[in-house]
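Please read it alongside the coordinates.

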Amino acid sequence: MHIEHADAVDRYLCDLLVQEDDALRDAVRASDEAGLPAIQVAPNQGKLLHMLASMLRARRILEIGTLGGYSAIWMARALPPDGRLITLELDPKHAQIARSNFIRAGVASLVDVHVGPALHSLEALGREHAGPFDLVFIDADKQSTPEYFAWALRLTRPGAAIVIDNAIRRGEVANAETTDPGALGIRRALAIIAAEPRVTASALQTVGSKGYDGFAIAVVK
Ligand code: SAH
Ligand code: DHB
Ligand code: MG
């Protein structure tokens, strides 16, 4: 497997098919300049999330793990004018960079950033009956993915989609002996999803500018 080639293919695909505009490019640049890790989804993955939100006619989107807001901008741009995206972020610095990126991208009026441990924010959303959401994107600390999935299920409507990023971890997810906390978190989440009668699910390996990883997608019945 030649990852350099996958990177070149991603550049080809993104140049051809993905309309990444100045606001999205600026969001990545501002995040880089502020020292945030470059672990946002790739442009073609961001556009896929946008298309999923469109296909679901999403009016309410929940994201767990904001970083600099790159994936949130892609998804928010699929919302109608009265739609809402709530994104949860532990690190106040990340949240601050994200908010300024939302303003530059023209989506600030559609997005709320909730700062703090996502599990606390999710409990608050549950208390406030903030759901139901049409789309949930889980992309924070991987070891908590099972708990995030449980909340996502509680906060969604039938027909909603729950997308989990970093579901493959360079193949480590298929290693039954893994000690990697992230891979263990994803493995626990996938086992729960497999046994959960309220969803139907699949998962895909991806290779590209973000290396070898993947998405899991569960649809609420
Ligand atoms: N979705 C983003 C990338 C998110 S990276 C994008 O594709 O553009 C993961 C983010 O989750 C980081 O910003 C990290 O600070 C945040 N995070 C880690 N642990 C968290 C927690 N317990 N609660 C909320 N956010 C958390
Ligand atoms: C990494 C990538 C991600 O997309 C993420 O959400 C967290 C970590 C990584 O490559 O380390
Ligand atoms: Mg991720």
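1. Where is Arg170 found? Arg170 is found in the loop between β5 and α8, helices (H or I, at least four residues) and strands (E, at least two) being DSSP runs numbered from the N terminus. Arg170 has a positive phi of about 55 degrees although it is not a glycine, and this residue is exposed, with a relative accessible area of 67%; here buried means under 20% relative accessible area, exposed over 50%, and partly exposed in between, with a 1.4 Å probe and protein chains only.

2. On the basis of the values, this is a predicted model, in which local features need pLDDT of at least 70 and side-chain atom pairs count only at pLDDT 80 or more, while totals for chains, interfaces and linings use all residues. Residues are numbered from 1 along each chain as its sequence is written, chains are lettered from A and ligands numbered from 1 in the order in which they are written, and side-chain values use heavy atoms, with hydrogens and water left out.

3. Arg169 has a positive phi of about 50 degrees without being a glycine, and is found in the loop between β5 (156-164) and α8 (181-194). Arg169 is partly exposed, at a relative accessible area of 23%.

4. A cis peptide bond joins Gly131 and Pro132, with omega at about 0 degrees. Pro132 is found in the loop that runs between α6 and β4 (133-138).

5. For the metal site, the magnesium ion (ligand 3) is coordinated by Asp139 (OD), Asp165 (OD) and Asn166 (OD1), at 2.0 to 2.2 Å. Donors are N, O and S atoms within 2.8 Å of the metal (3.2 Å for Na, K and Ca), and because water is not among the atoms, sites may look incomplete. The donor residues of this ion are spaced D-x25-D-N in sequence, and both Asp165 and Asn166 are buried.

6. Helix α6 (residues 118-127) and helix α7 (residues 145-154) pack at an angle of about 15 degrees, with their axes 11 Å apart; axes are lines fitted to C-alpha atoms, for helices over the stretch in contact, and angles run from 0 to 180 degrees between N-to-C directions. The two helices, α6 and α7, are therefore roughly parallel to each other, given that angles under 35 degrees count as roughly parallel, over 145 as roughly antiparallel, 65 to 115 as roughly perpendicular and the rest as oblique. Ala118, Leu119, Leu122, Glu123 and Gly126 in α6 meet Glu147, Tyr148 and Trp151 in α7, where contact means heavy atoms within 4.5 Å. By class, the contact of α6 with α7 has five nonpolar, one polar and two charged residues, with Ala, Val, Leu, Ile, Met, Phe, Trp, Tyr, Cys and Pro counted as nonpolar, Asp, Glu, Lys and Arg as charged, and the others, Gly among them, as polar.

7. Helix α1 (residues 3-17) and helix α3 (residues 43-55) pack at an angle of about 45 degrees, their axes being 9 Å apart, and that makes α1 oblique to α3. Asp10, Leu13, Cys14 and Leu17 of α1 make the contact with Pro43, Asn44 and Lys47 of α3.

8. Leu204 lies in strand β6 (residues 199-208) and is exposed, with a relative accessible area of 55%. Not counting residues up to four places away in sequence, Leu204 touches Ile168, Asp213, Gly214 and Phe215.
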